[in-house]
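Please study the sequence and the structure shown here before reading further. The paragraphs that follow lead through selected parts, one region at a time.

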Amino acid sequence: MADFENLVPEDMQERPLGEELDEALEATPAEEMAEMLRARSATYLLLSRLFHKEVDQVLLDDMHDSLYPVATGDADIDKGYLYISTYLSNLWSESLRQLKVDYARCFLGQGVDGYSAAYPYESVYTSPKRLMMEEARREVMHTYHVWSVDKDPNWREGEDHISLELLFESIMGNRAAAALEEGNADEARKILQGAADFLDEHLVSWYPMLAADMHRFAKTKFYDGLAYLTQGFITTDLQFLQDLLAEELPGEE
Amino acid sequence: MTDTNRDVVFEAVEDVDYDPLQDVPEEEEEFEANDDSEFDSDITEGQLGPGTATRPVALVGIDANLPAEQRIAKLFERFATRHRVLLGILTFLEQPQRADDLKAEVERLQEFDRSVYEGYDFSLLLEEAGAIAKVNEAGDPYDEQEEAQPEIVEIDGESFYKPGPYREVYWVTTPEGAAYMAADDPWGRVQALFAEEEEYLPVYKAVLSFCDVEGGRTVGQVNDLVVQSPLSRNPMRHCTSFLKKLEDCSAMVWAGNWATNDLGRRALGELLTDVTPSPKGEE
C-alpha cells in the first residue's frame, strides 16, 4: 500500500512573512487556488484529528498558542472558535484529563441503547435502528475505492466514521491542489466535483444530527465548540466548492 | 470559506502519526470516478437522539441528592480498596493545594499500586461526593461558571481570539470531608474485623507477626506461611484475603512488600496477645 503523501500540506511550515508576501505577489492564479485548497485540507485534517481520538498535550499546547478568527461570516464557525478559544482560556493542570473524559462521554457513552452518546458514525444516524456498519458505510467505502483511497488496516473503526469522512475531504483538496499546480485543470475539476458530491451526499446530510447530539453530551466548550465549528466549516465549504465549480478553474479554457 | 478560516493551522497535527486513510494504487478502471450509479446514495433522514438521552452522568452512581456526608460514606464504601489513597488525599488537602501538587501526591500514594485511577479521577470522585472542593489561590470558592474570556487581538485589520494563560486551581478538603476524616476509626475497624472473623484470629496473628520485619514480606512468603494453617484450607482462603482485610483496616501497608505498621503492632499487643498463631512458630 502506497504511503499517503498528501496528508500534510507542504506549506504548513512557518516562513518569514516577507518571503510569503513575495511569493504571493508572484503566484499564478493556479498556485493561489492550490494554496487555498491546501489550507482547506489542513482545516479538514485538524477536524479529522479532533474527532479521531482524544487531544494530546502537544496538540492542546499548539491550539492554546493559536489565534482564532472572530468574524468569519458564518455564525456556526464564529461560535465554534469562540467556544474553543474560551475553553483554551480556562485551561488548568487537569484539562487534558478533563478533555479525555469528555471525549469518552461524548463519543463513546456508557449505554447500549444507541442513544447514550454522539456516535460518530454516519450509519448510526442514517439507519432506522441506529446501527453501525450499515448502508452508509458501504457507500463511503465505494467512494473511497473509486478515488483510490483505503483505510489503514490498523484503523479498527468503520469507514463511515466522521474522522475518515473529514480526512477524505482533506485528501481530495490536496489532490486537487496538486493537479492545479501541475496544470491539469480537468483533473482538478473532477476531484473537486467528487469532493463536493461527497460533502453534499454524506457529511452535510448527516453531520447536523451528530452535532445535535454533541451539543447534548459534551460537557466542555471544547467539544461543544468543535460541533459548531465543523458544522459551519462543512456548510461553507460546500458552498465554496460549488461556487468554485460554477466558474472556470485556472488553466481551463 | 473565508480567508481567515484558512489561517487556523496546527503544526501539531502533522507531528502525529495520523494517516488512517491512505492512497492506494489505482486498480483497473473497474469504477469510473464520479460514477456512483451502482450504489444508491440516497440517505434516509436519520433520527435525532431523544432529548432525554442527556442523563446526568454520576461517576460511581451515587445519588447526587443525598447529603454530602452520605455521599462521602458511600464513596469510601464503594472504593474500600482505595481507602488509604482517598484518606491520604483528604489529609493532604487539609490546607489548599495546587491541582498539580495533588496529582503528584496521588502518584506518591499509589507508588506501589496498580490503578487506572489518577489524581484527577480521585479529585472528581471526591468532589462529586462533596469531600473536596476547588478554591482559588486566596482560598475562596472557585467559580466554575466564571469563565475567563479570550483576549481579542487585531492583526492586519482582522480580529482574532487569543486564548489566555492557564488558570491556577487549588483543592481543599470540605468541612464534610474533614468530618469524615475525623470520624475515621481504623482501630475500630480492626476490632470489628477481629470480632467478625474470630475463628481466623490465629491466622491474623501469624500474618501480622510474620510481616513485622524491616522491608516486609512478599506475597509468596506470606502465602507459604498461610497455607500451613489448617484454618486457610476449609474453606480455602488465599493469603491475600487476609492481607487485604488487614490493609482495609489500616493495620498493614503495601509498599512493594506487605509490612505490619504501628496499628498492626498495636493489634498484636492489645487484641491478639492470648491468641495462639496458626501456623505456630512464626511470631
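P235(B) is found in the loop between helix 9 and helix 10 (239–248) of chain B; helices (H or I, at least four residues) and strands (E, at least two) are DSSP runs, numbered from the N terminus. N234(B) and P235(B) are joined by a cis peptide bond, with an omega of about 0°. Another cis peptide bond leads from S278(B) to P279(B), where omega is near 0°. P279(B) lies in the segment after helix 11 (262–270) of chain B.

The model is predicted: local features need pLDDT of at least 70 and side-chain atom pairs count only at pLDDT 80 or more, while totals for chains, interfaces and linings use all residues. Residues are numbered from 1 along each chain as its sequence is written, and chains are lettered from A and ligands numbered from 1 in the order in which they are written.

Chain B has 11 helices and 8 strands. Of its 283 residues, 29% count as buried. A residue is buried if 20 or more other C-beta atoms lie within 10 Å of its own, exposed if 12 or fewer, and partly exposed in between, with C-beta atoms placed from the backbone. Among the contacts in chain B with a separation of 6 or more, 66% are made by residues 24 or more positions apart; two residues are in contact if their C-beta atoms, placed from the backbone, lie within 7 Å.

Helix 9 of chain B (residues 219–226) also takes part in a helix crossing. Its axis and that of helix 8 (residues 201–210) of chain B come within 10 Å and cross at roughly 145°. Here axes are lines fitted to C-alpha atoms, for helices over the stretch in contact, and angles run from 0 to 180 degrees between N-to-C directions. V203(B), A206(B), V207(B) and F210(B) in helix 8 meet V222(B), L225(B) and V226(B) in helix 9 of chain B. The residues of this contact divide into 7 nonpolar, no polar and no charged. In this division Ala, Val, Leu, Ile, Met, Phe, Trp, Tyr, Cys and Pro count as nonpolar, Asp, Glu, Lys and Arg as charged, and the others, Gly among them, as polar.

Helix 5 (residues 119–129) of chain B has as its buried residues G119(B), Y120(B), F122(B), S123(B), L125(B), L126(B) and A129(B). An α-helix has 3.6 residues a turn, so residues three or four places apart point the same way. The cover over the buried residues of helix 5 of chain B includes helix 5 (95–108) of chain A, as well as helix 2 (68–78), helix 3 (83–92), helix 4 (99–109), strand 3 (132–135) and strand 6 (170–173) of chain B. After helix 5 of chain B comes G130(B), with a positive phi near 90°.

Two strands pair if DSSP finds at least two bridges between them. Strand 2 and strand 6 of chain B are linked by 2 bridges, and Q97(B) stands opposite W171(B) in strand 6.

Strand 4 and strand 5 of chain B form an antiparallel pair over 5 bridges, in which E151(B) has K162(B) of strand 5 as its bridge partner. The loop between strand 4 (151–155) and strand 5 (158–162) of chain B holds D156(B). D156(B) is not a glycine, yet its phi is positive, about 50°. With 5 C-beta neighbours inside 10 Å, D156(B) counts as exposed. Strand 5 of chain B also runs antiparallel to strand 1 (residues 68–69) of chain A, joined to it by 2 bridges; there Y68(A) stands opposite Y161(B).

In chain A, S148(A) likewise has a positive phi, of about 55°, although it is not a glycine. With 17 C-beta neighbours inside 10 Å, S148(A) counts as partly exposed.
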